[in-house]
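Hi there,

Here is the structure I promised to pass on.

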Amino acid sequence: MPYFPPWTSVAEAAALLASGHIVAIPTETVYGLAGNALDPLALAKIFAAKGRPVFDPLIVHIADIDSLENVAQQIPESAYALARAFWPGPLTLVLPKQPCIPDLATSGLSTVAVRLPQHPIAQEIIRKAEVPLAAPSANLFKHVSPTTAEHVAAQLGSKIDGIVDGGPCTVGVESTIVAFEDDTPVILRPGAITPLMIESIIGKVKLKNSSSNPGEAMVSPGTMDTHYQPRIPLYYGALPKDFVIPTNTVRIAFGNTKSSIPASLNLSEIGNLTEATANLYAYMHQLDTPSNGFILVDPIPNEGLGIALNDRLRRASIKKLS
Ligand code: TXA
Ligand code: MG
């Protein structure tokens, strides 16, 4: 059954979450499908609603830095430095977990991913629920993350206990994930907190490539090559000279890139990466309809916030043009 608003209020959401239900909540990055991070039953409901395999661990959301030690331990000083610099905000830290965090939240890993979101509604809900909230992006497995409450309703409305509408997400892509491997900071997923911003606080940091290459262990399972895919084929990359553009092709432009295909939508006419990031998923949702046959996306500079955009677009793209 499709979900029809009225949306869930903050107070209702907190009460539902405190009693083991699952509710979609706004954050500044994308909407999250939240449940009590300490309750394995609530976590199981999250995996079931998303159709997400249980080997893909969840991010635990807290409302203040002091709560970090309730969910994580042996926290390196560099992690605290990043937390002080960028929390609340679009940064997730992977740290050794406290025993209270169920295996289902971490897919059996000894580490837990933790984030303090900036969205005031997210913070209020966590505070009122009085528990840390596990929340993956509120989309079906492998689908495009939601940046509005309507996106959530379309994908998950009939499968969850509520949706809080906090308006469109201001950032628009998922948080930057940083892990500490032998105390060396590694970016597992690029996001709005860029490598340069991280290096300005703690010095040199590695950027991990997609970990789903054959023969490589899956360190951060959500970083699979094909993630974030719309249902109709999207292609991101240079087109071969002899490529015949399929009928019903739509183009997502960036800035004033020249093309023989008219632009259906422009991520940012002035070529602004922040604006482009806030628009990307909404445009992918909007163009992902059967009347379109093929989505082409203009190249985006691979620097600053553009690193996260290129990462998501490469994963969303079909890998071969046939
Ligand atoms: O911005 C965000 O991070 C959003 C909002 C809702 O907070 N959440 C989000 O969650 O993007 P999700 O589940 O779609 O992505 C979480 C990513 C996955 O790639 C997962 O593999 C990784 O975090 N992850 C979670 N726990 C991990 C761990 N212990 N070690 C390494 N990667 C982990
Ligand atoms: Mg996700």
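At what angle do helix 1 and helix 6 pack? The angle is about 45 degrees, and the axes of helix 1 (residues 10–18) and helix 6 (residues 120–129) lie 8 Å apart. The two are therefore oblique to each other (under 35 degrees is roughly parallel, over 145 roughly antiparallel, 65 to 115 roughly perpendicular, and the rest oblique). Helix 1 brings V10, A13, A14, L17 and A18 to the contact, and helix 6 brings I121, E124, I125, K128 and A129 (contact: heavy atoms within 4.5 Å). By class, that gives eight nonpolar, no polar and two charged residues.

The other pair is helix 4 (residues 77–86) and helix 8 (residues 195–202), whose axes come within 9 Å and cross at roughly 120 degrees. Helix 4 and helix 8 are therefore oblique too, and helix 4 passes helix 8 in a right-handed crossing. Here S78, A81, L82, A85 and F86 of helix 4 meet M197, I198, I201 and I202 of helix 8. This contact has eight nonpolar residues, one polar and no charged.

A note on conventions: this is a predicted model, where local features need pLDDT of at least 70, side-chain atom pairs count only at pLDDT 80 or more, and totals for chains, interfaces and linings use all residues. Residues are numbered from 1 along each chain as its sequence is written, chains are lettered from A and ligands numbered from 1 in the order written, and side-chain values use heavy atoms, without hydrogens or water.

Best wishes

Terms used:
Axes fitted to C-alpha atoms, helices over the stretch in contact; angles between N-to-C directions. Helix = DSSP H or I, 4+ residues; strand = E, 2+ residues; numbered from the N terminus. Nonpolar A, V, L, I, M, F, W, Y, C, P; charged D, E, K, R; others polar. Left-handed = near helix turned anticlockwise from the far one by under 90°.
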